[in-house]
Amino acid sequence: MEKGGDNEDKRREEEKAIDEWLPITSDRNAKWWYSTMHNVTAMVGAGVLSLPYAMSQMGWLFGVTVLLLSWIITFYTIWQMVEMHEMIPGKRFDRYHELGQYAFGEKLGLWIVVPQQIVVEVSTCIIYMVTGGKSLKKFQEILFPNAKPIKLTYFILIFSSFQFILSHLPNFNSISSVSFVAAILSMTYSAIAWTVSLKESGREVSYGPTSEKTSDNVFMFLSALGNVAFAYAGHNVVLEIQATIPSTEDAPSKKAMWKGVLTAYIIVALCYLPVAFIGYWGFGNGVDDNILLTLHTPTWLIATANIFVVAHVIGSYQVYAMPVFDMIETYAVKSLRYKPSTILRVCVRTVFVAFTLVVGMTIPFFGGLMGFFGGFALAPTSYYLPCIIWLIIKKPRRFGLSWCTNWLCIIVGVLLTLTSPIGGLWSIIKSAKTYRFYT
């Protein structure tokens, strides 16, 4: 009996040592404003730059409706995530898939959540590779307009060099300074985008359909829905961020986390809505899929905004990559029984960054990628999976306010998931027709 007890104690000590090594659970000393920084960094990224273009595909009525409805739905579902983190006394759901396993069962929950979360986080990192490279290229073209053109591939390679270095920071709290700078810069370039759009407005613009073919307009509309979904993708890292905040019986982590999330969502609204509405108002359907590519003067300010985007997506990449690192490293040490070590961490993270680099260089279609992955992967995890889990665990009264609200979010999210990937895939195929690899 005593031997069995010793083995149990030894197993617990091993698990504790592993948890103290893994990126998500190794440091639980975060402050509430860390939550604000990480959430702003996660959401206000490549997504905000595409919102004027999404508006141009949807028009004023549908564009305004979809943007505001998405903000309200995802604000509600992120509140659910924060509440469910410690809904079971003495238990913290530190990872999205742990919450899914509690709701759906050990095996089914893993299969429902993990594939979606991996697709979201990996695709977001790939898109940020493309965004960083394109912004670097734009920065170079503005400063040196007469220089010989340089392939986009090389700029993506330059951007990846920062990720190869920063990816070896051990956990969320270790990237807090990177996230802080990224959050500040995201607000700054968002402000630059809408103020310069306001300054350049006055020219004759069109708000009508962008194509003479009805089928093209339908596909572009669907792709735009995915772009909007991509802009509200922070839910995939919410529980992992909350896991870094200390929690006691008197001061549960949800109080500090909600304070940070509320602040972050106010900032998101102040960034998204002016950029989307003023950018579309100023350029109509002539706006690019990245608003900064549409702006021209003053050149020094546009160049500054582009370099701010680069700095921001460097931080955003790390916020989305950290849960992936945690998943892979958890599997390596708990299932494959590898010893937690620096060598293991370096190998895992280097391979991941290299993978996203190669894919980003191969298919650098900014708008199409966001439209496809926004609907295919990001919509489920942000719009309706939290609602399904809430219904299973909380069991609200049938046809009551909570029950109806959750089902409304589920219906909207499912429609988004089924329709927007079609438009995103159409956009990718259309771009690929004239694209030459690595040029």
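Ser 223 is found in helix α8, which spans residues 214–231; helices here are DSSP runs of H or I with at least four residues, strands are runs of E with at least two, and both are numbered from the N terminus. At 6% relative accessibility, Ser 223 counts as buried, where buried means under 20% relative accessible area, exposed over 50%, and partly exposed in between, with a 1.4 Å probe and protein chains only. Ser 223 and Gly 424 are separated by 201 residues in sequence, while their C-alpha atoms are 4.5 Å apart in space.

The model is predicted: local features need pLDDT of at least 70 and side-chain atom pairs count only at pLDDT 80 or more, whereas totals for chains, interfaces and linings use all residues. Residues are numbered from 1 along each chain as its sequence is written, and side-chain values use heavy atoms, with hydrogens and water left out.

**Helix packing**

- Two packed helices are described by the angle between their axes and the distance between the axes. Axes are lines fitted to C-alpha atoms, for helices over the stretch in contact, and angles run from 0 to 180 degrees between N-to-C directions.
- Helix α5 (residues 106–143) packs against helix α13 (residues 342–362) at about 60 degrees, with the axes 8 Å apart. That makes α5 oblique to α13; angles under 35 degrees count as roughly parallel, over 145 as roughly antiparallel, 65 to 115 as roughly perpendicular and the rest as oblique.
- The crossing of α5 and α13 is right-handed. A crossing is left-handed if the near helix is turned anticlockwise from the far one by less than a right angle, and right-handed if clockwise.
- On the α5 side, Val 122, Cys 125, Ile 126, Met 129 and Val 130 meet α13 residues including Phe 352, Phe 355, Leu 357 and Gly 360; contact means heavy atoms within 4.5 Å.
- The residues of the contact of α5 with α13 divide into 10 nonpolar, 2 polar and no charged. Ala, Val, Leu, Ile, Met, Phe, Trp, Tyr, Cys and Pro count as nonpolar, Asp, Glu, Lys and Arg as charged, and the others, Gly among them, as polar.
- The axes of α5 and α12 come within 8 Å and cross at roughly 160 degrees, which makes α5 roughly antiparallel to α12. Their crossing is left-handed, and the contact has 21 nonpolar, 8 polar and 2 charged residues.
- Helix α7 (residues 176–200) packs with α12 at an angle of about 145 degrees, the axes being 8 Å apart. This crossing of α7 and α12 is also left-handed.
- The contact of α7 with α12 involves, among others, Val 178, Ala 182, Tyr 189 and Val 196 of α7 and Leu 301, Phe 308, His 312 and Val 319 of α12. Its residues divide into 14 nonpolar, 5 polar and no charged.

**Nonpolar cores**

- The largest nonpolar core has 112 residues, of which Val 228, Tyr 232, Tyr 272, Phe 352, Tyr 383 and Ile 389 touch the most other members. A nonpolar core is a set of buried Ala, Val, Leu, Ile, Met, Phe, Trp, Tyr and Cys residues joined through side-chain atoms within 4.5 Å.
- Helix α12 (residues 299–335) supplies the largest share of this core, 15 residues.
- Apart from this core lies another, of 7 residues, among them Ile 18, Trp 21, Leu 344 and Val 348.
- Beyond its neighbours within four places in sequence, Tyr 272 is in contact with Met 43, Val 44, Val 48, Leu 51, Ala 231 and Tyr 232.

**Individual residues in helices**

- Leu 292 lies in helix α11 (residues 291–294) and is buried, with a relative accessible area of 0%.
- Leaving aside neighbours within four places in sequence, Leu 292 is in contact with Leu 49, Lys 138, Ala 193, Ile 302, Ala 305, Asn 306 and Val 309.
- Phe 139, in helix α5, counts as partly exposed at 24% relative accessibility.

**Backbone and loops**

- Most residues other than glycine have a negative phi.
- Arg 337 has a positive phi of about 60 degrees although it is not a glycine. Arg 337 is found in the loop between α12 and α13 and counts as exposed at 63% relative accessibility.
- Lys 395, likewise not a glycine, has a positive phi near 50 degrees. Lys 395 is placed in the loop between α14 (366–394) and α15 (401–432) and is exposed, with a relative accessible area of 61%.
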